[in-house]
Every structure is written in structure tokens, then in C-alpha cells.
Amino acid sequence: MLGGGWPTGGLTELLIEAGASAELGLLSPVLTRLTCGDATVDPAWVMLIAPPWIPYAPGLCWQGLALSRVLVIDVRQAADALWAMEAALGSGACAGIIAWAGTAGRVALQRLHLLAGKRPVWSVLIRAARFRRERSPAMLRLQLHLQPGMQAAVCVEIFKNRLRAAGTVRVVLP
Amino acid sequence: MSSSSPLWLCAWLPAGPLEAIVMEQLAGWAAGFTPGVSIEADQALLLEIRGSLQLFGGPERIQTLLRQGLHACGHEPVISCTPTVRGSLWLARAGIECTLLTRDELRHRLLPVSVEHLGWPAATMKMLAQMGIRTLGECVRLPRQGFARRFGPARLHELDQGFGRSPELRRPHVVPEHFADTLELPVETTCVDALLAGFQRLLSRLGERLKSRQASAETLQCDLRHPDGSHTELHIRLCRPAASAAAFTELLRLRLGALVLPAPVTLLVLKARLSTGQEATGSDLLGRELQADSDLSGLLERLRARLGRHAVRGLALVDEYRPERAWRPVSNPLGTNRRVSRQAPGCRPVWILPVPQLLQRAAGQPVHDGALCLERGPERIETGWWDGDDIRRDYYVARNRRGVRLWVYQDLRSVANWYLHGIFG
């Protein structure tokens, strides 16, 4: 997908439809690789900021994540999610950062984008599909479309990609 | 006897157990002879003096100085010095003052000592008396296996330690030390920058102290005194002790920014409890890992300072069939071990609802954003009868009209009610 996997060193924005979606199923293979490590990289920390529900440890384990490397951050107000993501990006202590956020000002997004460009961190900002019209400095912008029907598949629409061409990919989830 | 094997000095105070605080004071004073000081049952000080022999000029000299010091405090110690902790302790309890440098000498002196100086419980002493065992020599001549069976392996281990057949480690008594300093502000103020500048001066003094003592601090108490005598308190806690005050500055800035002061501030007080031992710095083989962890602990401290202590957590599995209890939050994710656990309990969703949500039904089938199509199941979970919180459920993976996969169950104990419990995705 995306011609060589998810990009690091730049902000990825993933837009989802309101309510339950499949974003974590889409992202979990990367989270698994980061938390477990492999022959070339050591296990690293990942951070889930302001998740919409309670991340269920047995489910994450079923996906293959190493739970001892997962951090969950709860926030009281929406603005804190962006602040926490900025702090995490700035520290360089986590290899993967996923934040669920609502409205985000241009300035805040620009700062996240600049920070994300400084280190090889995989950072994903998850927002509602209604923000698609807003301009965003993110390096990669995706929208997730659920496929009604029986197949465990989702469509990932790449509508902005600074590195490669845009397009649509169909992904079968485990 | 090698020059690196330990030499233990025991100062027994026959006058009886003393107050714990008195013993701590004495231990603090005795730390002037060696860092390896520990307290035994509030009645004896144990000093590991091998490393201090050259400095003080031999064991006799240390004994003399220790005796003089304890005399000055009104204590009459019995002092004994041998290669083992328990050997010194037993001899001192028996009232025998001696300096023995080898295990053989120790063994000869211990053999005639009465078993009553072992400090064992009355029941054990009665059994020994019934067997006609009066001295340590008679004790160690008993068959080892029979001794362990009769009195427990721990007692045999104590004997081995006393005679130097197995090593004994003692955790040194840590002498707590406090830092407290105040700063009078030139003018009354509520300005955060001015307060922070004041605290920074106090923090730099704390930093100097930490450096000179090779100590570290983990918690900080900041008092902001108001003109009417009242004060506002701030407590700052790090994930791990820091050897420099810089770690506190950023946290203090965040906390002061969020603080609502009831009145202007005239005086700043900074208090910290110091502990010995510097923090590990990334200079060994694992240097990179340590550095990454210190970055992470700094990040978690910042997040906690702004979002609250419970906002940051890790996740762990719990061995439990009831889905809602099969996990727990971990309040100190850095402290957990790094073992990669991969035993998954079966197909489970990545999200769980805090409380299962009752689903509407249409024509007997569960509905959630349209009729649900049951894709996989049932997985029966029936457990918990022993603690009265038992469950009997059939779990299914279902898909709704929009294509969202849900984890639903049918409660078999009530009238076939359906609940939404988790979301795949």
C-alpha cells in the first residue's frame, strides 16, 4: 500500500466516518511491528491519544501488539489531544503516535506537521470526515470508507500524497 | 582471607530494643564509618567495615571510636567483629567481644555459644531443648536434611550464613536527608513568570546540593506563602529520581501556569527529600535504551502535570474469562517488564464499551444502526460462579448495515437480551 508502507517523518491525517470505524484495524499491523520490533528495529513505544472508546487489551493482543509498549493518554478537552501529540512528537520518545482529534486550527496542524518532519516518527491524526474540506499541511491525507456487505474490507482513499500519486486502495482487514 | 571479603562489625545494645528513631539517628552517625550500615531488630547496628579498615587504621580502631561514640550517647555496646553478619550478631548477643578475621576462627568461637543467642522463636527453642541441643556446635552436628525438615530450611540457611557457608546480603540503611530553602520575594506578586524565576533560584540551590551529595530527588514540595499567613501548596513528583533540578523546572512551569492563586505571594519555600544514588545516565552498553526511557519518562511527567496523574496509563492482560475483567490499566507503564506477551485469548475487539449497551430488537433479532448480521459465533462464556458475579453469555461477531463489525452477546440468564460489548476496527 502507498508504494512502500506508511510514511514516517511527516504527519498523516486519516479521516473517518462518524461513529464506529475501522481505523485501528487498518493501523494495527504497523503498531504490531513497532511494539514487537523485528530483525532490523528494536521494540518501541506507541501512544494512543484520546481514543474514542476504551482500547481493549485482549483485542490489541489478538492483533499482535506487545501491550508492554502501548501507552494510552486520556484527555479532558479536545485541545489537549493536540497538545499531547505535540509533546509526544517533540520528545521523540515514541515511534508511533496516534491521536483522535476534532477541530484543529491551521496553526496547530502546521506545528504538528513541522515537528513530525523532524524525526522518523509515524504520526497519525484521526479526524472526522467532515474536516476533509479544510486545508491541512499533512504530508498524507486519507479517508477510510467502510464497505457495507459481508467482506471484511475497507477502502482507503488517498486524496493527498506529497510523495506519490493519489488513488484508492482496497484493504482486507484480518 | 582475601582483602575483598566482607568484615562485619556488630554493636549490640543489651539495654533492650530502642525507639526506631533513636536507632536511625545512631545509624546515621555510624554511616560516618562506612556506607554499609544496617539496623537489626532496633537493638544492634551492623557495619560492613572492610572498605574502611585502611582509612581508620584497622578494626580495633573502628571499634574504639564506635564504642566512644555510643558511650557518649549513654549506650553500653557489646562489639564483635567477624566475617559474617550473623556470626558477629550471635557473638555480641552472647556477650563475647572479639575480632576474628577468618571463618575458621569464627567457627571455633561459635561452636560453644548457646543456642539461646540465635534469636529463634520460643517453640523452636523448646524443640531444641527437648532434643538436648544446647550449643551451636551441637546444632550444626545434626544431619542437615533432618534439621531442615524439623525446623525449616530457613533456619538451616541462617546457620549456614552465620558460619559463612552461604553469603548474606544486607540492604544498607539509607539516611534520609531533606532540603528546605526559602526565598523572600522583593514585591508581592501573582505573576507566574516572577514566581517561576524565584523558584528557579531555589531549584538551582537544590541542584548544587544534589550535585555535592551525589544525591537525587523524586518529589518536590513548593509552598507559596501569602501575606495573611496562609499558603498554597504544590507537589511535584517525577517518574524516577532526578539528579539535576532541571527536570523539575518544566513541570513547575506547567503547574504554576494552571494554578489559581487566592492572594499575592510574598515568600517561596522549596522542600525536597534527597535519596542517595545518582540516576543512571546513558553511558553504558544500553546507553541508547536508557536515553530513550529518560525521554519517555520526561514526556509522561509533562503529560501527567497537565492532564492529571491518571490520564497516562499502560495496558495489561488479566487471566480472567469475563471479558470486562480480562484487562487492567497500568498506572506506571515504565515499571512493567518488557516481556512480549502474545497469548491472545481468542478473537477479541480492539475497543470495549465501559458498560455493555442493551440493543433494541426487531423481529427477535438485535439491531444497531440497522439489523445485525451475525458473522461468527457463538462463543459461549460461562464463568464467575464462585464470586457471585457469574455470567452466561453467547458472544458473536456481528456486522451492521454500514459495515461496522461489532462484538455482541446474548445474555442467556435473562430473557435472551442482546448487548453490544465491543467494536472491532
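Trainee: Does B:Asn400 count as buried or exposed?
Mentor: First, this is a predicted model, so local features need pLDDT of at least 70 and side-chain atom pairs count only at pLDDT 80 or more, while totals for chains, interfaces and linings use all residues. Residues are numbered from 1 along each chain as its sequence is written, chains are lettered from A and ligands numbered from 1 in the order in which they are written, and side-chain values use heavy atoms, leaving out hydrogens and water. The cut-offs are under 20% relative accessible area for buried and over 50% for exposed, with partly exposed in between (1.4 Å probe, protein chains only). B:Asn400 has 6% relative accessibility, so it counts as buried.

Trainee: Which backbone nitrogen does the side chain of B:Asn400 reach?
Mentor: Start with the place: B:Asn400 lies in the loop between strand 15 (391-399) and strand 16 of chain B. Strands (E, at least two residues) and helices (H or I, at least four) are DSSP runs numbered from the N terminus. Leaving out residues up to four places away in sequence, B:Asn400 touches B:His368, B:Asp369, B:Ala371, B:Leu372 and B:Leu406, where contact means heavy atoms within 4.5 Å. At 3.0 Å, its side chain reaches the backbone nitrogen of B:Val404.

Trainee: What is the bridge partner of B:Val408 in strand 17 of chain B?
Mentor: Strand 16 (residues 405-411) and strand 17 (residues 417-423) of chain B run antiparallel and are joined by six bridges. For two strands to pair, DSSP must find at least two bridges between them. In strand 17, the partner of B:Val408 is B:Leu420.

Trainee: Which strands are the edge strands of the open sheet?
Mentor: The sheet has six strands, in the order 3(A)-11(B)-17(B)-16(B)-15(B)-14(B), with antiparallel pairing. Each edge strand pairs on one side only, and they are strand 3 (54-55) of chain A and strand 14 (373-383) of chain B.

Trainee: In strand 11 of chain B, which residue is the bridge partner of A:Pro55?
Mentor: Here the pairing is between chains: strand 3 of chain A and strand 11 (residues 351-358) of chain B pair antiparallel over two bridges. The partner of A:Pro55 in strand 11 is B:Trp351.

Trainee: What is the area buried between chain A and chain B?
Mentor: The size of an interface is often given as the accessible area lost when the parts come together. Buried area is that loss (1.4 Å probe), summed over both parts. The contact takes 56 residues from chain A and 57 from chain B. Carbon and sulfur atoms give 64% of the buried area, which is about 4700 Å².

Trainee: How far apart are the closest N and O atoms of B:Arg306 and A:Asp80?
Mentor: A salt bridge needs a side-chain nitrogen of Lys or Arg within 4 Å of a carboxyl oxygen of Asp or Glu. The rule finds two salt bridges across the interface of chain A and chain B. B:Arg306 forms one with A:Asp80, and their closest N and O atoms lie apart by 2.8 Å.

Trainee: Which loop holds A:Ala50, and is A:Ala50 buried or exposed?
Mentor: The phi of A:Ala50 is near 55°, a positive value in a residue other than glycine. A:Ala50 sits in the loop between strand 2 (46-49) and strand 3 of chain A. With a relative accessible area of 15%, A:Ala50 is buried.

Trainee: And does B:Ala41 count as buried or exposed?
Mentor: B:Ala41 also has a positive phi, near 50°. The loop around B:Ala41 runs between strand 2 (37-40) and strand 3 (44-48) of chain B. At 55% relative accessibility, B:Ala41 counts as exposed.

Conventions. A polar contact is a pair of N or O atoms within 3.5 Å; within protein, one must be able to donate a hydrogen and the other to accept it, and residues adjacent in sequence count only if both atoms are side-chain atoms. Buried area is the accessible area (1.4 Å probe) that two parts lose on being put together, summed over both.
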